[in-house]
Amino acid sequence: MNWNAIRLSAISTAFLFGWMRLQGAGLITAVSKMGIVDLEMADTPSRLTLLLTAWNKTTAVNNILIDFLFIPSYALFLSIGCRQLAMGYQPSGILKTGILLAKGVWLAAIFDVIENLLMLGSIHGYYTPSSLQLTRWVAIIKFSLVAAAILFVLAGSIHFLFKKKPHGA
C-alpha cells in the first residue's frame, strides 16, 4: 500500500475541507442552512435569487474556487482508498466494486468541475431554468458517487481493522 500517497491525500483533503467550511461559514444563513450545497441544489431562478440576495457573492465565488483545489485531493484520496482496500478481496465482487468506485470517484470529480462552472455562471447571472436543473442533477450524481466511495472506504477500513490475523502472523 502506498501509505505516503494516502497520508498526503488524506491530510490535504481534510485541510481543504476545513478551509472550505471556515471560508464558507457566511453562506450558512436562515435561507441556506447547508451553505454552498444550497446553491448546488437551487433548481429554480427564485431559489437562486433568494440565496444570492442573502449571501456575499465574493464569499460564494471564493468557496467554489477553493473547491477546485479540493476536487483532485478528495478524488485521489478516495480513489486510492477504494483501490487499495479492494485489493484485499482478490478475486471477488468486492474487488470489482472497489475498482469501479475508484474510477467512479474521478467521474464525480469531473461532475464537480462541471457543477462549479455552472454555479459560477449562475452567480454572475448566466443561467436558465434548465442550467439550474442541470447543476442540481450533476451535483446529485456527484454526491452519490462520492458517498458510495466513502461508504466503501469506511466499511473496508472497519473490516481490515477487525479482521483476525492468522496465528504466527
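Val153 counts as buried, because its relative accessibility is 12% and the cut-off for buried is under 20%. This residue sits in helix H6. The model is a predicted one. Its chain has six helices and zero strands. The points below go through the helices, the salt bridges and the surface.

**Overall layout**

- From the N terminus on, the elements run α-α-α-α-α-α.
- Along the principal axes, the C-alpha atoms fill a box of roughly 65 × 30 × 25 Å.
- The chain has 169 residues, and buried residues make up 40% of them.

**Sequence distance and space**

- Val153 and Ser46 are 107 residues apart in sequence. In space, their C-alpha atoms are 38 Å apart.
- Leu39 and Thr135 are 96 residues apart along the chain. Their C-alpha atoms are separated by 8.9 Å.
- Leu39 belongs to helix H2. It counts as buried because its relative accessibility is 3%.
- Cys82 and Ala5 are 77 residues apart in sequence. From C-alpha to C-alpha they are 13 Å apart in space.
- Cys82 belongs to helix H4. Its relative accessibility is 0%, so Cys82 counts as buried.

**Helix H4**

- Helix H4 covers residues 57-86. That gives H4 30 residues.
- From its first C-alpha to its last, H4 reaches 42 Å. This is close to the 44 Å expected at 1.5 Å a residue.
- At the start of H4, Asn56 makes a contact through its side chain. A side-chain oxygen of Asn56 reaches to within 2.8 Å of the backbone nitrogen of Thr58.
- Where is the kink in H4? It lies at Leu69, shortly before the proline Pro72, and is about 35 degrees.

**Helix H5**

- Helix H5 covers residues 93-123. It has 31 residues.
- H5 reaches 43 Å from its first C-alpha to its last.
- Ser92 caps the N-terminal end of H5. One of its side-chain oxygens lies 3.2 Å from the backbone nitrogen of Ile94.
- Gly125 follows H5. Its phi is positive, near 90 degrees.

**Salt bridges**

- Side chains of opposite charge can pair when their charged atoms come close.
- How many salt bridges are there? The count comes to five.
- Arg136 and Asp43 meet in a salt bridge, with 3.7 Å from N to O. Arg136 lies in helix H6 (residues 129-162), while Asp43 lies in the loop between helix H2 (36-41) and helix H3 (45-54), so the pair ties together parts that are 93 residues apart in sequence.
- Are Arg136 and Asp43 buried or partly exposed? Arg136 counts as partly exposed because its relative accessibility is 23%. Asp43 is partly exposed too, with a relative accessible area of 26%.
- Asp112 forms a salt bridge with Lys142. Their closest N and O atoms are 3.7 Å apart. This pair links distant parts of the chain, with Asp112 in H5 and Lys142 in H6, 30 residues apart.
- Both Asp112 and Lys142 are buried.
- Glu115 also forms a salt bridge with Lys142. Here the closest N and O atoms are 3.1 Å apart. Glu115 in H5 and Lys142 in H6 are 27 residues apart, and this pair too links distant parts of the chain.
- Glu115 is buried, as is Lys142.

**Surface patch**

- Phe15, Trp19 and Leu69 form a nonpolar patch on the surface. Together they have about 340 Å² of accessible area.
- Leu69 lies in helix H4, and the kink in H4 lies at this residue.
- Leu69 counts as partly exposed because its relative accessibility is 49%, and exposed means over 50%.

Definitions and conventions:
Residues numbered from 1 in each chain as written. Predicted model: local features only at pLDDT ≥ 70, side-chain atom pairs only at ≥ 80, totals over all residues. Heavy atoms only, no water. Patch = residues over 30% accessible without salt bridge, like charges linked within 9 Å, V, L, I, M, F, W, Y side chains within 5 Å. Areas by Shrake-Rupley, 256 points an atom, 1.4 Å probe, with all protein chains shown as cover. Salt bridge = Lys/Arg side-chain N within 4 Å of Asp/Glu carboxyl O. Helix = DSSP H or I, 4+ residues; strand = E, 2+ residues; numbered from the N terminus. Buried < 20%, exposed > 50% of the residue type's maximum accessible area, 1.4 Å probe, protein only. Expected span 1.5 Å × (residues − 1). Bend = angle between axes of the 7 residues up to and from the residue. Polar contact = N/O pair within 3.5 Å; in protein donor to acceptor, adjacent residues only side chain to side chain.
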